[in-house]
Amino acid sequence: MADRFQGKQGLVLGVANKRSIAWAIAKRLAEEGAQLAFTFQGERIEKSVRELADSVQSPLVTECDVRSDEDVSRVVAEAGKAFAGGLDFLVHSVAYAAAEDLEGRFTDTPRDRFWMAIDVSAYSLVACARAAEPLMAARGGGSLVTMTYLGGERAVPHYNVMGVAKATLDASVRYLAWDLGQNNIRINAVSAGPVRTLAARSIAGFPTMEAIVEERSPLHRHIDAEDVAAGAAYLLSDEADNVTGTTLYVDSGYHAMGM
Ligand SMILES: NC(=O)c1ccc[n+]([C@@H]2O[C@H](COP(=O)([O-])OP(=O)(O)OC[C@H]3O[C@@H](n4cnc5c(N)ncnc54)[C@H](O)[C@@H]3O)[C@@H](O)[C@H]2O)c1
């Protein structure tokens with residue numbers, strides 16, 4: 001394994017359990033030498049996140065609800081403290097929409113749950129970037145990566161309000177790239193094909209999404225969280241030094257197809 005992250009320190013948001021895409025990314029970065037701080041949301045998953053974090057000798061595991069600006073500022077500051085005042089990278093792998101909004105008609109999405117999906121799944125990236133920017137600037141630059149999905153660009157049945165949130169997230173990546181570039185900070189997204197995780201289980205018709213990718217993608221096969229991790233690690237590494245504001249598709253080529 002390469003050691004592209006030797007001496008690098010980063011914060012990972014979005015580990016819920018060992019199936020989380022964030023965990024696959026964290027494992028990959030740790031294997032390549034990174035030191036990692038983790039956040040978790042809610043007591044229910046604290047134990048499993050702590051166990052996973054311990055397995056990669058994490059110096060910091062702290063609670064964060066990304067709906068709270070105070071929480072986001074606090075955890076980034078705690079990470080900065082754990083890492084001698086700086087931060088090299090941040091992994092944003094967080095999303096939420098109410099289960100009932102991922103099965104019926106998008107048209108029926110109520111106003112409050114529409115904004116909640118965008119708040120958790122898209123605005124949180126802006127809040128994280130704002131908090132992390134000074135710590136990354138202190139290191140002479142940095143890198144952020146977030147997780148998106150094709151449902152933000154095309155209508156995918158059942159993805160509904162989460163598609164609208166991903167469209168907001170995708171646009172946020174581009175605008176953040178412009179702002180953060182002035183401090184040599186890069187930000188990119190990985191657009192992943194279907195991966196069986198906790199969040200994926202709440203999407204009605206998820207098995208159909210998997211079957212269609214297998215049938216119609218150029219490579220006719222599923223991807224897994226490790227494939228996403230490899231893409232994220234590339235984008236976070238110095239190998240992607242001149243890559244920002246973009247989306248890397250890890251989806252067996254499905255996005256390239258017209259039907
Ligand atoms: N699994 C897939 O097929 C797939 C495909 C493309 C993109 N993604 C994206 O990957 C990312 C990670 O999802 P996953 O599939 O690993 O599922 P997951 O359930 O393991 O991860 C989602 C994470 O979001 C966190 N979260 C939700 N609300 C939060 C809040 N208010 N504050 C802080 N954290 C909160 C959860 O605690 C959890 O850790 C998401 O952005 C998701 O949309 C997933």
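1. Basis. The model is predicted: local features need pLDDT of at least 70, side-chain atom pairs count only at pLDDT 80 or more, and totals for chains, interfaces and linings use all residues. Residues are numbered from 1 along each chain as its sequence is written, and side-chain values use heavy atoms, with hydrogens and water left out.

2. Overall fold. The chain has 8 helices and 7 strands. These are DSSP runs, numbered from the N terminus: helices are H or I with at least four residues, strands are E with at least two. The radius of gyration is 17 Å, close to the 18 Å that the globule rule gives for 259 residues, so the chain is as compact as a globular protein of that length. That radius is taken over C-alpha atoms, and the rule is 2.2 Å times the number of residues to the power 0.38. The C-alpha trace spans about 50 × 40 × 35 Å along its principal axes.

3. Of the 259 residues, 51% are buried. Buried means under 20% relative accessible area, exposed over 50%, and partly exposed in between (1.4 Å probe, protein chains only). A contact means heavy atoms within 4.5 Å. Take the contacts between residues at least 6 apart in sequence: 75% of them join residues at least 24 apart.

4. Glycine 10. This residue lies in strand β1 (residues 9-13). Glycine 10 counts as buried because its relative accessibility is 0%. Beyond its neighbours within four places in sequence, glycine 10 touches Gln35, Leu36, Ala37, Phe83, Leu87 and Phe89.

5. Cysteines. The count of disulfides is 0; the rule asks for a pair of cysteine sulfur atoms within 2.5 Å. For cysteine 64, the nearest cysteine sulfur belongs to cysteine 128, 6.5 Å away. Cysteine 128 is likewise in no disulfide. Cysteine 64 is buried at 4% relative accessible area, and cysteine 128 is buried at 1%.

6. Aromatic pairs. There are 4. Rings of Phe, Tyr and Trp (its six-membered ring) pair if their centres lie within 6.5 Å; planes under 30 degrees apart count as stacked, over 60 as edge-to-face and the rest as tilted. Tryptophan 23 is buried at 6%, and phenylalanine 38 at 1%.

7. A tyrosine pair. Tyrosine 149 and tyrosine 159 pair edge-to-face, with 4.7 Å centre to centre and 65 degrees between the planes. Both sit in the loop between β5 (142-148) and α5 (160-180), so the pair ties together parts 10 residues apart in sequence. Tyrosine 149 is buried at 14%; tyrosine 159 is buried at 8%.

8. Helix α8. The 12 residues of α8 (residues 225-236) should span 16 Å at 1.5 Å a residue, and the end C-alpha atoms are 16 Å apart, which agrees. The expected span is 1.5 Å times one less than the number of residues. Buried residues in α8 include Ala225, Val228, Gly231 and Leu236. Among the elements covering its buried residues are α1, β4 (89-92), β6 (185-192) and β7 (247-250). At the start of α8, a side-chain oxygen of aspartate 224 comes within 3.1 Å of the backbone nitrogen of glutamate 226.

Definitions and conventions: Polar contact = N/O pair within 3.5 Å; in protein donor to acceptor, adjacent residues only side chain to side chain.
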